[in-house]
Amino acid sequence: MVTAAPHAPAPGHSGPQPGVTQRRVLHVVPSLGLGGTEKVMQLLLTRLDPARFHRAVWSPSDGPRAALLREAGVTTFIGGDLGGVAARHLPHIVHVHRAGWPQPELLRPLRTAFRQASAATHPPGTGAVAPRRLPAIVETNVFGRHDPSPSGRFIDVTLFVSRFCAERFARVQGIPAVPPRWRVLYNPVDTVLFARLTPDPADPAARDYSRPVLGRLSRPDPGKWSSLALHILPVLRREMPGFRYDVIGGTPDAERYVREHGLADNVRFLPPVRDDAELAGFFNELSLLAHANDTGESFGLAIAEAMAAGLPVVTHPCPGLRDNAQLELVEHGVTGLVADTVEDYAQAVLHLLRHPETARRMGEAGRRKAAALFDADAQARALEALYDELCPPELAAGEAS
């Protein structure tokens, strides 16, 4: 299914201009659901300048983000054959959001279909303008994995979502993760919206960091949890009986733990939020974010969003080669606290609740860091610069359409 929408201007842009060559950009995502990968795609794609880029997305399945994309003027291709979509749409740039491991069923059809479309449009010996080059292929490598397969060589630029992922990739694979082939582009966060909808941490009257309320945010997936997230609760109740723990993304095991330990008066399991405005409302009830995930984070979108909302974050390291980008975002003693054990983690939470000025200072630092490194508009401008590098406007203008 193809759904085309009028090319509504993105925020801060005026829309298509006469005489400006638009380059066709096709983003490819595994779904159009409410997950972090899909959210990153939406934030980047909707902020591309529509005067310079025709924006489109392909996904094998529909989801709630499709309507949001169409409202922003993005053409959506739902289901069907990706190769066929590429052959009809003829993108100048294909941007794939994927885990990073081999996916020949995704990459090979793109190149094959494009070669066939070019040959059909400009058959040899007809005197027609030479078909343009194959599209540039960019991947956002969500987990920092390596694709040594033949189809992996189709990729022109890999974007890692954190320095941690790039550095681990280089260490494990023995491949220098440096430009132009390998780069880091942090996941985008709508820092302007969070600054508008959440209290200014620099204003003591705006947020009370002594309120004994901590929160947790993730998918309702056991793989996103750590035992720390639960085992700290009896310690907190012993030392601060009136604390509250707001959880989005609770699992059956977590709910059972709370029942069995008589913690129902302290813990609230909340439904998922639908958008960033609801997420800001969730953050506004908290004094800190308690992050705990045994697999770690290749970026940590919930952490970055909490920082943008002015919250300090408590997190923990993960051993070995597991993801540890949470330690890149949470600087111990600056934007939050890092703790290894259950007791240390619980004491870190208690320390911030008992020292609101420390929590406030960390919340200020977190908001500054998020604005400097993760701002969605800045990340989109950086992505536009990459697209310009891979397919300059004059190259697109000189190609047959």
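Biologist: What volume does the second largest cavity have in this model?
Modeller: In this predicted model, the second largest cavity has a volume of about 30 Å³.

Biologist: What makes it a cavity and not a pocket?
Modeller: A cavity is a set of points where a 1.4 Å probe fits but cannot get out, whereas a pocket is an open set. Rolling a probe the size of a water molecule over the atoms shows where empty space is left. By this rule the count comes to 2 cavities of 30 Å³ or more.

Biologist: Which residues line the second largest cavity?
Modeller: Its lining consists of Val-40, Leu-44, Thr-140, Val-161, Leu-185, Tyr-186, Asn-187 and Pro-188.

Biologist: How many residues of that lining are nonpolar, polar or charged?
Modeller: The lining has 6 nonpolar and 2 polar residues, and no charged ones. Tyr and Pro count as nonpolar, so Tyr-186 and Pro-188 fall in that class.

Biologist: Why is Arg-98 called buried?
Modeller: Buried means under 20% relative accessible area. Arg-98 has a value of 4%, so the word applies.

Biologist: Where does Arg-98 lie, and what does it touch?
Modeller: Arg-98 belongs to strand E5, which covers residues 93–98. Leaving aside residues up to four places away in sequence, Arg-98 touches Gln-103, Leu-107, Glu-139, Thr-140, Asn-141, Val-142, Asp-147 and Ile-155. One of these, Thr-140, also lines the second largest cavity.

Biologist: How far apart are Arg-98 and Pro-30?
Modeller: In sequence they are 68 residues apart; in space, C-alpha to C-alpha, the distance is 7.5 Å.

Biologist: Among contacts between residues at least 6 apart in sequence, how many join residues at least 24 apart?
Modeller: The share in this protein is 74%.

Biologist: What can be said of the protein as a whole?
Modeller: There are 15 helices and 14 strands. Of the 401 residues, 55% are buried. The accessible surface comes to about 16400 Å², and carbon and sulfur atoms account for 57% of that.

Biologist: How do you know what confidence the predictor has in the model?
Modeller: pLDDT is that confidence for each residue, from 0 to 100. The mean for the protein is 91, and 89% of the residues reach 70 or more. Over residues 4–12 the pLDDT is below 50, and this stretch has 23 contacts in the model beyond near neighbours in sequence. Residues 126–132 also stay under 50, with 13 contacts beyond four places in sequence.

Technical notes: Residues numbered from 1 in each chain as written. Predicted model: local features only at pLDDT ≥ 70, side-chain atom pairs only at ≥ 80, totals over all residues. Heavy atoms only, no water. Helix = DSSP H or I, 4+ residues; strand = E, 2+ residues; numbered from the N terminus. Buried < 20%, exposed > 50% of the residue type's maximum accessible area, 1.4 Å probe, protein only. Contact = heavy atoms within 4.5 Å. Areas by Shrake-Rupley, 256 points an atom, 1.4 Å probe, with all protein chains shown as cover. 1 Å grid on protein atoms, 1.4 Å probe; cavity = no way out; pocket = protein on both sides within 12 Å on 5 of 7 lines; lining within 4 Å. Points joined across faces, edges and corners; volume = space filled by probe spheres on them.
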